[in-house]
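Reader: I am new to this structure. Please take me through it with questions and answers.

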Amino acid sequence: VITRQLLEEVSSVALMEMETLFEDTMKNDGDGSKNGIWLQSTREQLSVSSLEAFVFKVMSGTANNISSMLQDVRANRTTEVRYLNGYVSCLGQEKYGLECPRNM
């Protein structure tokens, strides 16, 4: 449940950021049909269900790995999770007015 809630926030922020970047760079470049296809494809890739499928695929494929983050946890060192989640939360709130309490 928490993974899905985190991904709902990530998806919302990522979609807003992608839309902003699209507006700033691609909207008026004269290739509307190609850009529309790209935009729709990117929206689908950033959907909660697509992100969730990707996360679980990576988790499954790396289940036997000993990642640097796992090594940090085992050694009681700080991990990058707070930084990454904090970035999502700050970007969502400060730039788009989206509350992202699960990523704080």
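Reader: Is asparagine 76 buried or exposed?
Author: This is a predicted model, and the values here are computed from it. Exposed means over 50% relative accessible area. Asparagine 76 has 74% relative accessibility, so it counts as exposed.

Reader: Where is asparagine 76 found, and what is its phi?
Author: Asparagine 76 sits in the loop between helix 4 (68-74) and helix 5. Most residues other than glycine have a negative phi. Asparagine 76 is not a glycine, yet its phi is positive, near 55 degrees.

Reader: Which glycine takes a positive phi just after helix 5?
Author: Look just past the end of helix 5. Phi there is about 70 degrees, and the residue is glycine 97.

Reader: What share of the 104 residues is buried?
Author: Buried means under 20% relative accessible area. Of the 104 residues in the protein, the buried ones make up 23%.

Reader: How far apart are the end C-alpha atoms of helix 5, and what span should it have?
Author: Helix 5 covers residues 81-96, which is 16 residues. At 1.5 Å a residue, the helix should span 22 Å. The end C-alpha atoms agree with this, at 22 Å apart.

Reader: Which residues of helix 5 are buried?
Author: What covers the buried residues of helix 5 includes helix 1 (2-25). The buried residues themselves are Asn85, Gly86, Val88, Ser89, Leu91, Gly92 and Tyr96.

Reader: Which residues does leucine 91 touch, not counting those up to four places away in sequence?
Author: Leucine 91 lies in helix 5. Its relative accessible area is 17%, under the 20% limit, so leucine 91 is buried. Isoleucine 66 is 25 residues from leucine 91 along the chain, and their C-alpha atoms are separated by 30 Å. The residues that leucine 91 touches are Val13, Glu17 and Tyr96.

Reader: What is the nearest side chain of opposite charge to glutamate 9?
Author: Glutamate 9 lies in helix 1. Leaving aside neighbours within four places in sequence, its contacts are Val88, Cys100, Pro101, Arg102 and Asn103. A salt bridge needs a side-chain nitrogen within 4 Å of a carboxyl oxygen. Glutamate 9 is buried yet has no salt bridge, and at 4.2 Å the nearest side chain of opposite charge is arginine 102.

Reader: How many aromatic pairs are there?
Author: Ring centres must lie within 6.5 Å to pair. By this rule, the count is one.

Reader: Which residues form the aromatic pair that is stacked?
Author: Planes under 30 degrees apart count as stacked. Here the planes are 15 degrees apart and the centres 6.0 Å apart. The partners are 16 residues apart, one in helix 1 and the other in helix 2 (residues 32-45). They are phenylalanine 22 and tryptophan 38.

Reader: What is the relative accessibility of phenylalanine 22, and of tryptophan 38?
Author: Phenylalanine 22 counts as buried, at 8%. Tryptophan 38 is partly exposed, at 35%.

Technical notes:
Residues numbered from 1 in each chain as written. Predicted model: local features only at pLDDT ≥ 70, side-chain atom pairs only at ≥ 80, totals over all residues. Heavy atoms only, no water. Helix = DSSP H or I, 4+ residues; strand = E, 2+ residues; numbered from the N terminus. Expected span 1.5 Å × (residues − 1). Buried < 20%, exposed > 50% of the residue type's maximum accessible area, 1.4 Å probe, protein only. Contact = heavy atoms within 4.5 Å. Lys, Arg positive; Asp, Glu negative; His and termini not counted. Phe/Tyr/Trp six-rings, centres within 6.5 Å; stacked < 30°, edge-to-face > 60°.
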